[in-house]
Amino acid sequence: MYFEMFMAFFKVGAFTIGGGYAMLPFIQDEVVEKNGWLTTEEFLDVLAVAEVTPGPVAVNTSTYVGYKLKGVKGAITCTLGTILPSFLIILLIVTSLWKYRNNPIIDKAFLGIRPAVAALIFNAVYKLARKMDISKYMLVISTITVLAVVFINISPIVVILVSAFGAIGYYKFKENK
């Protein structure tokens, strides 16, 4: 199973441009849909932990999935599968393509990739939101959070801490009723 885990995350790392959030729909597809290693609910829990853990969200997600499946060896296997393609690609770029770094065609190609990355991130959010049991309360809080981060420029760290403590308080209050 270690080889299957490594290859699943290696594919994600090799064929995803745009970083962690762009990788999430591919990780979900490999882990939940194709291999059935986790349920959608378990994957959402993994994402919640990966989000609040320091480091890149895709690496955190792969590490946690690997740990959940096969302990420390699984965590190492999935993490290596995720980061090795990026390492090899960067090594290739540095060693052979560095002389083209100021080429206007290369610059325009990367400008063209940006909207695709944004679409991949939106797709990840949409697919995950569609499978969540979202209440009106959660929708209102999410909207307020987005508005606060975008328009008031509140730090995402503050948002995460307020959200965590707010949820603890909300559910404690709900339990006492």
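Reader: What volume does the largest pocket have?

Author: The model is predicted: local features need pLDDT of at least 70 and side-chain atom pairs pLDDT 80 or more, while totals for chains, interfaces and linings use all residues. Residues are numbered from 1 along each chain as its sequence is written, and side-chain values use heavy atoms, with hydrogens and water left out. A pocket is an open set of points on a 1 Å grid over the protein atoms alone, where a 1.4 Å probe fits, with protein on both sides within 12 Å along at least five of seven lines. Points are joined across faces, edges and corners, and the volume is the space filled by probe spheres set on them. The largest pocket comes to about 2,200 Å³.

Reader: Which residues lie closest to its centre?

Author: Lining residues have an atom within 4 Å of a point. The largest pocket has 40 of them, and E51, M132, S142, T145 and S163 are closest to the centre.

Reader: Which element gives the largest share of that lining?

Author: Helices are DSSP runs (H or I, at least four residues), numbered from the N terminus. Helix 7 gives the largest share, 12 residues.

Reader: How does the lining divide by class?

Author: Ala, Val, Leu, Ile, Met, Phe, Trp, Tyr, Cys and Pro count as nonpolar; Asp, Glu, Lys and Arg as charged; the others, Gly among them, as polar. The largest pocket is lined by 31 nonpolar, 5 polar and 4 charged residues.

Reader: What is the volume of the second largest pocket?

Author: About 380 Å³. Of its 20 lining residues, G13, T16, I17, S86 and I89 are closest to the centre. Helix 4 supplies the largest share, 8 residues. By class there are 13 nonpolar, 7 polar and no charged residues.

Reader: At what angle do helix 2 and helix 3 pack?

Author: Axes are lines fitted to C-alpha atoms over the stretch in contact, and angles run from 0 to 180 degrees between N-to-C directions. Helix 2 (residues 20-34) and helix 3 (residues 40-52) pack at about 145°, with axes 11 Å apart. Contact means heavy atoms within 4.5 Å. Y21, L24, I27, Q28, V31 and V32 of helix 2 meet T40, F43, L47 and E51 of helix 3. That contact has 7 nonpolar, 2 polar and 1 charged residues.

Reader: Is T82 buried or exposed?

Author: Buried means under 20% relative accessible area, exposed over 50%, partly exposed in between (1.4 Å probe, protein chains only). T82 is buried, because its relative accessible area is 3%. T82 sits in helix 4 (residues 57-97). Leaving out residues up to four places away in sequence, T82 touches F9, G13, M23, A58, V59 and S62.

How values were computed:
Helices (H or I, at least four residues) and strands (E, at least two) are DSSP runs, numbered from the N terminus.
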